[in-house]
Amino acid sequence: MTGHSRQRPLRFVHQGRVVEIDDLPPMTTLLDWLRLDRRLTGTKEGCGEGDCGACTVALGRVKGGRLVYEPANACILLLGQIDGAELVTVEDLAAGGHLHPVQQAMVDHHGSQCGFCTPGFVMSLFTLYQDGCVAADGREAVLTRIAGNLCRCTGYRPIVDAALDACSQPANDRFVTAAAATTAMLADLADETDLFVGDDNSFFAAPASLDALCALTMRHPDATLVGGATDVGLWITKQLRTLPKIIHTGRVSELRRLDQGTDGLAIGAAVTYAEARGALAAVDPDIGVWADRLGSAQVRAAGTIGGNIANGSPIGDSPPLLIALGATLHLRHGGKARSLPLERFFLAYGNQDRAAGEVVTHVTVPRPEAGEHIRAFKIAKRNDQDISSVMGALKIGLDGCRIASARIAFGGLAGIPRRSETVEAALIGMSIDDEAAVAAAVSRIAGDFTPMDDHRASARYRLTVAGNLIRKALMEIATGSRGETRIAHLREAHHAA
Amino acid sequence: MRHDRDIGALRHVHRPLKHDAADRHVQGSAPYIDDIREPEGTLHVAPGGSPVARGRIVRLDLDAVGTAAGVVAVLTAADIPAVNDVSPVAGDDPLFATEGVEFHLQPIFAVVAVTRDAARRAVAKAVIEIAEETPLVSVDDALAADADIMPDYAFRRGDSAEILQNADRTLEGAVRIGGQEHFYLEGQAALAVPQEDGTFTVHSSTQHPSEVQHVVARVLGIPDAAVEVEVRRMGGGFGGKESQASHWAAMAALAAKVTGRPCKLRLDRDDDFAMTGKRHDFLATYRAAHDVEGRLSAVEVGFASRCGYSHDLSSSINDRTMFHADNAYFYPNVVIHSRRMKTSTVSNTAFRGFGGPQGMVFAERLMDRIAWATGRDPLDIRYANLYGTDDHNITPFGMTVEDNVAGEIMRRLEASCDYRARRSEITAFNASSRVLKKGLALTPVKFGISFTTTFLNQAGALVHVYQDGSVHLNHGGTEMGQGLFVKVAQVVAEEFGIALDRVRITATHTGKVPNTSPTAASSGTDMNGMAARNAAAEIKGRLAEFMARHWQVPVDTVQFRNDRVISGENVMGFAEAVKKAYLARTHLSAAGYYATPKITWDRASGTGRPFFYFAYGASCSEVTIDTLTGEFTLDRVDILHDVGRSLNPAIDIGQIEGGFVQGMGWLTMEELVFDARGRLRTHAPSTYKIPTARDVPADFRVAFFDDANREDTIYRSKAVGEPPLMLAISVFSAIADAVHALRPGRAVVLDAPATPEAILFACEAQLAGGS
């Protein structure tokens with residue numbers, strides 16, 4: 001990369017040593033590196049698209065001053081993305097002839113049958129174990145952690161029991177013993193030098209600053225920008241696209257910021273779902289449920305909210321929520337910054353208001369005001385790790401019983417995430433407990449959307465359920481309770497109305 | 001769990017021992033096909049499929065494929081030395097399509113390249129032009145076109161038409177039952193290694209190594225004896241690797257033959273979805289007559305299933321649907337009719353339950369329909385129609401139900417799960433709850449055990465005892481996670497009275513045990529356990545005779561226990577006895593064999609006893625549905641299941657729970673969606689959703705109905721592979737029960753799978769049109 005002086009190869013920690021790679025085909029996945037280059041075959045490929053978890057590995061990084069292990073789908077993670085992390089695979093757990101506690105618990109509880117998914121489960125449980133004590137009644141925490149690991153044999157009960165058994169005590173293994181040394185090694189790797197492997201025609205780059213990122217994207221407007229690669233990974237493994245130039249945003253310090261200001265929240269484009277969860281869930285408990293159902297633990301540890309927006313998918317789960325919340329999107333093109341209401345970013349299917357070389361820097365989310373109520377609903381065939389057939393979110397402002405304001409946004413109903421403006425307008429001024437009037441207003445949703453039939457749901461279902469979700473939200477806001485309208489696992493996380 | 005009669009005497013059998021490979025599973029050190037260290041120079045194979053579902057190939061230009069980076073060879077049907085057929089029975093599954101294509105992504109060619117990535121990328125460079133014809137995609141398409149792939153078949157008893165015409169209380173309806181993708185976590189894979197003199201060793205992820213052997217030999221035009229097939233383990237099978245592993249093994253073997261190098265084929269998951277068959281989806285149309293108590297007098301049901309483009313195993317599968325259209329109920333006058341439809345889709349195949357589950361979904365819907373019509377509790381309708389023990393005990397196919405414990409199991413479960421009290425609570429809840437409705441259902445399972453293709457009910461084993469007293473165990477069964485290997489090892493260790501770790505479990509291999517049946521029909525342990533015990537008993541007999549001579553004692557006083565050979569005061573370690581026997585020239589190897597007794601079935605006349613025995617169970621499920629969205633939760637499940645006297649309770653519990661969850665997925669969230677052009681749109685786990693851990697209820701109570709098998713099976717155990725899948729029908733029935741609560745007395749219109757969309761529209765239909 002001529003013209004840039006401070007740059008270096010890929011570096012990470014594996015089996016106690018620093019691995020340095022300066023010859024890297026940019027599309028190399030972590031899984032291929034493990035299985036084909038290193039001949040470490042404990043990590044399995046089940047689907048090649050990050051949906052089954054058989055390839056789960058753990059990545060250790062220092063976050064908030066603490067060494068944290070997060071699960072990752074090696075099949076769609078680019079090798080370059082693990083720069084600066086400690087890589088732990090299923091081969092690394094047992095030591096001195098003894099199984100690791102999570103491995104032993106899996107054996108003791110008969111948690112494996114065919115065994116093919118087992119290494120992935122073991123690694124997801126390893127990350128849970130490292131998090132420290134799961135409460136004895138911590139079933140929800142276990143389910144949330146393993147929702148990205150599919151098992152076709154056991155029915156999961158013994159795996160959940162193994163998790164509760166192994167993870168109910170404070171972590172005490174050689175990774176804990178080595179934590180100080182590992183942290184020191186990772187600190188040595190952490191720098192503000194731009195990562196660049198390859199040449200001007202083919203490279204993997206991970207710049208460390210926003211200036212470096214913008215310079216690089218202006219120089220290579222044809223490069224592929226990658227946040228978590230939870231979608232771009234599939235372009236490689238499934239669509240077999242050739243992506244010669246890849247720029248990873250995960251090291252850009254400005255894009256990694258999450259700021260809680262007086263007027264709201266600013267989420268950097270490279271902040272992962274997992275990192276943003278706490279701040280978003282504080283807005284409303286529905287968003288906590290949303291944040292635990294979106295993707296899987298593996299996907300949430302890699303995927304970014306900026307990527308979910310910039311990608312422009314009509315079925316992304318973040319945009320409808322953020323649009324309902326009234327979010328503003330911020331972009332930079334070379335040295336020029338601009339902002340716009342998030343809903344204006346999505347122009348048409350596959351077309352966003354982003355110039356070549358322009359990058360999404362962050363999104364700001366205003367804090368709801370007094371009298372404003374939030375609801376978020378994700379409708380899918382399966383509770384966990386499923387793409388929504390309909391994603392709906394509402395912000396309803398009440399003045400007494402009167403609906404004073406309404407922002408209602410849906411994904412899955414059009415080629416882009418969009419507001420239901422006709423219904424919003426019809427609702428304003430109504431009394432929220434006037435069910436007949438509300439029903440009449442909601443019925444106008446057909447004027448806002450013409451959804452499609454596809455393998456996830458029919459157009460009729462999408463439209464019907466979208467209207468019902470508005471009715472449900474207003475019913476809940478009117479009664480002040482979500483208890484009578486939510487099935488169990490969508491209710492458990494709720495504390496407030 | 002009671003095992004008091006046996007457990008004192010037995011050291012290994014009936015104990016909850018861990019899976020033999022558990023320690024390796026958790027360390028990633030249990031190799032699957034793709035983990036086997038590749039021989040130097042191994043090439044990789046990727047198939048290229050038809051871009052359309054049905055038509056004639058007009059142009060196949062593979063020039064760009066052949067010149068793509070890394071490509072060593074491109075294979076088409078022209079490269080096949082002998083027969084272009086990989087089918088299990090009927091001769092109608094080409095390895096590569098030639099003139100016509102019959103389903104979307106049907107293999108037409110394959111690329112052999114230096115890396116798997118190079119092979120996959122080269123596939124995309126093919127130029128294929130096809131004169132497209134209108135595909136018959138669904139059962140309805142095929143019915144409209146009268147496209148049957150084989151003759152229909154029926155069981156009949158009595159004059160149901162007459163009764164239906166004159167009965168006071170009749171009902172009729174239809175239910176659609178979806179298919180199911182196996183989603184074994186390890187996809188289809190094979191590694192073929194050329195050996196000397198034109199022979200091949202094939203490592204295949206298959207439930208049926210003998211069939212892979214035969215198919216490879218057939219395609220290459222070499223004797224069966226020139227092909228050795230080995231499988232140590234599969235990462236799941238579920239029926240999907242019974243007949244349909246052969247295709248990929250044969251393709252790898254052909255590549256090895258053409259290139260002279262080891263060749264590996266591991267299907268990409270999307271190709272696996274598109275190119276391999278699934279559980280058959282069905283349309284069941286029915287009418288029935290019953291009395292005021294809900295007792296049936298006549299039943300007529302017609303099944304039509306999507307078989308796909310070829311026969312595969314569809315004949316036996318659809319027969320098993322018919323064998324289980326009664327589930328546990330007596331149909332006095334009955335017609336069970338079955339049509340097998342030819343469609344322009346991948347050939348559907350075996351899947352846990354093998355057609356039986358679809359028949360049973362019909363039977364349970366029929367019970368619910370009668371309950372809704374009579375206003376009685378569905379459980380009482382089920383009791384009223386159960387088979388009797390002394391009368392009302394002849395199935396529609398003429399077999400007497402001799403071992404009926406369905407009623408006893410249901411009554412015990414009814415009590416232990418507090419069914420009646422919960423029914424009252426749910427009724428009260430539904431009366432006051434506006435958006436959420438609850439449902440409850442308790443359903444039985446009665447599942448026939450044996451291959452209905454009678455000759456398959458045979459098995460072999462090979463046991464060697466080495467001079468140090470260690471034992472080599474081999475048999476025809478394959479390990480796919482179900483715990484067959486540890487169960488059979490328990491049996492052999494028990495027979496020799498030695499520690500389990502003295503028995504070395506070895507990979508299934510056609511060179512050790514020939515002419516094996518597939519590991520299928522839940523028969524693996526019943527048959528291979530018996531064959532292995534017979535082999536061990538033969539060696540033990542020789543050892544006993546030798547020790548009797550050595551000690552000068554009667555042979556019947558010689559016992560084998562606690563790693564010793566014992567006769568009165570005489571005691572010798574097992575290993576020492578073996579060494580002495582060897583030095584005295586005793587044969588320490590034996591082949592064991594077993595053929596299931598009592599069974600007969602004559603399909604042409606529809607008479608005989610196709611099943612050695614039945615396995616039973618019952619489950620009770622409670623659900624909550626959201627009538628605004630169609631989402632549901634499974635709140636509690638209670639199961640009481642009959643495994644006879646369990647050989648290994650830990651393994652058996654795993655089969656019950658795992659089978660239930662797999663069945664629950666089939667009936668609720670797993671949806672196969674084909675578009676009008678016959679392309680599968682749910683072709684990966686991103687779009688095809690199997691259950692995750694959160695879909696399993698926190699309140700999940702599973703117990704054994706612990707009673708010895710009345711038939712003489714291995715340690716009086718019962719087969720457990722398939723039957724528990726059908727316990728999940730209670731979930732489907734409970735969802736219907738919840739919908740029914742919206743307006744009691746009206747028949748619910750709900751097909752499987754009960755996705756949120758299906759449930760929401762069932763709710764709409766339940767409320768439609770005023771009262």
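Modeller: We go through the domains of each chain and then the contact between the chains.

Modeller: This is a predicted model, so local features need pLDDT of at least 70 and side-chain atom pairs count only at pLDDT 80 or more, while totals for chains, interfaces and linings use all residues. Residues are numbered from 1 along each chain as its sequence is written, and chains are lettered from A and ligands numbered from 1 in the order in which they are written.

Colleague: Into which domains is chain A divided?

Modeller: Domain bounds come from an automatic or database domain assignment. For chain A they are domain 1 (12–190), domain 2 (192–252), domain 3 (253–366) and domain 4 (373–491).

Colleague: How many residues of domain 3 of chain A are in contact with domain 4 of chain A?

Modeller: Two residues are in contact if their C-beta atoms, placed from the backbone, lie within 7 Å. Here 24 residues of domain 3 of chain A meet 27 residues of domain 4 of chain A. The C-alpha centres of these two domains are 21 Å apart.

Colleague: Which element gives the largest share of the domain 3 side in chain A?

Modeller: Helices (H or I, at least four residues) and strands (E, at least two) are DSSP runs, numbered from the N terminus. On the side of domain 3 of chain A that touches domain 4 of chain A, the largest share is the six residues from α14(A).

Colleague: How does that side divide by class?

Modeller: Ala, Val, Leu, Ile, Met, Phe, Trp, Tyr, Cys and Pro count as nonpolar, Asp, Glu, Lys and Arg as charged, and the others, Gly among them, as polar. The side of domain 3 of chain A that touches domain 4 of chain A has 15 nonpolar, four polar and five charged residues.

Colleague: How many residues does each chain bring to the contact between the chains?

Modeller: Chain B brings 71 residues and chain A brings 65 residues. On the side of chain B that touches chain A, α18(B) supplies the largest share, seven residues. By class, that side of chain B has 30 nonpolar, 21 polar and 20 charged residues.
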